[in-house]
Structures are given as structure tokens and as C-alpha cells.
Amino acid sequence: MERTLSIIKPDAVRAGHIGEIIATFEKNNIRIVAMKMVHLDPKGAEGFYAVHRERPFFGELTAFMCEGPVVVMVLEGDNVIARNRELMGATNPADAAEGTLRKRFASSLQNNAVHGSDAPETAAFEIGYFFNALEIAG
Ligand code: ATP
Ligand code: MG
């Protein structure tokens, strides 16, 4: 059993896609074991995306993540890190496969609807960034 962090980004929350994104996880046999809505401030977004600090898009990305509330979830299931990445689709919606969350809901490379951890180490860091042990069920 594996865990990963999922974020429904401000663009998808604003557009009213929370329900469809959560339904997609549930239909694909992924369990939601923690969930909350938060409105990040710049420090919160910069800490979360610290690995991208040196990238040219860091400032715009962190500003975007503060534009409005996000829904943060811990997902659980067999091989859930890779399975969530598959459901999400390519980073750029123009390259995302038909039926993926980013194909369905993303509007640009930056405003791409969802985040998902990309490895066990990043999942552990990202889950701990938003949730303590008491906030994660089962
Ligand atoms: P995420 O980490 O959000 O799950 P990812 O792993 O597919 O997405 P990363 O390379 O980690 O993609 O980039 C993190 C986020 O930064 C992307 O999801 C996107 O919102 C934004 N981003 C990535 N590349 C660019 C770019 N060239 N210009 C603007 N924003 C970008
Ligand atoms: Mg990433």
C-alpha cells in the first residue's frame, strides 16, 4: 500500500471541477485518506515547490498557486504514485492523453489543474508538508 499527495490547483477549484476530479480517483479504486481546502500564501507555495526554486517559472508558479484555494488530499492504494500520475496525464495539457485529468480540465502548462507527487521520497515530504499523522485516516 502506497500514499501520494494530490492537489486540485486554484484553476480547477475556481472552474468547479473538485467533484469530478475526486470522482475520478474513487472510480479508479484510489482511497482518499485525508483532505482539506487551504489558501496558500507565498511562503507556503514557495516551501512546497522548493525543488523548483531555480526554475525560470518559479515566481509565476508560486503566484498561481496562491490565486485561490486548493484542495489537498492524501491518496492511498497499490502503486498509487504512478497510477495517479497516469490519471493526471502529461504536465502540458497539449500533450496529455485523452481522458486524463489534465486533458479534461487543464488550460495551460502552468494552469494544469492537478498536482501529484512523483516518487516515494517526494510523496513523504509533500504529505508531511500539509498533514500531520492525526489528520490521516486509516
Ligand atoms: P506537478 O509537480 O504539479 O504534479 P509535474 O510533475 O507534471 O507537475 P513539474 O515539472 O514538477 O511538473 O512542474 C511543476 C509545475 O510547474 C507544473 O505542474 C506546472 O504547473 C508548472 N510548470 C512546469 N513547467 C512550466 C513552464 N515551463 N512554465 C510554466 N509553468 C510550468
Ligand atoms: Mg512535479
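## Basis of the model

Residues are numbered from 1 along each chain as its sequence is written, with chains lettered from A and ligands numbered from 1 in the order in which they are written. Because the model is predicted, local features need pLDDT of at least 70 and side-chain atom pairs count only at pLDDT 80 or more, while totals for chains, interfaces and linings use all residues, and side-chain values use heavy atoms, with hydrogens and water left out.

## The site of ligand 1

Around ligand 1 there are 15 residues, of which the closest are Lys9, Thr91, Gln110, Asn112 and His115 (a residue is near a molecule if one of its heavy atoms lies within 4 Å of it). By class, this shell divides into 5 nonpolar, 6 polar and 4 charged residues, where Ala, Val, Leu, Ile, Met, Phe, Trp, Tyr, Cys and Pro count as nonpolar, Asp, Glu, Lys and Arg as charged, and the others, Gly among them, as polar. Helix H5 (80–88) and strand S4 (114–116) each supply at least two residues of the shell, helices (H or I, at least four residues) and strands (E, at least two) being DSSP runs numbered from the N terminus.

Taken alone, ligand 1 exposes 580 Å², and the protein buries 81% of that (Shrake-Rupley method, 1.4 Å probe).

## Glutamate 76

Glutamate 76 belongs to strand S3 (residues 70–77) and is buried, its relative accessible area being 9% (buried means under 20%, exposed over 50%, partly exposed in between, with a 1.4 Å probe and protein chains only). Its side chain makes a polar contact of 2.6 Å with that of arginine 31 and another of 2.8 Å with that of arginine 3; such a contact is a pair of N or O atoms within 3.5 Å, and within protein one must be able to donate a hydrogen and the other to accept it, while residues adjacent in sequence count only if both atoms are side-chain atoms.

## Positive phi values

Most residues other than glycine have a negative phi. Asparagine 79, in the loop between S3 and H5, has a positive phi near 55° and is partly exposed at 48% relative accessibility. Alanine 113, in the loop between helix H6 (101–105) and S4, has a positive phi near 75° and is buried at 0% relative accessibility.
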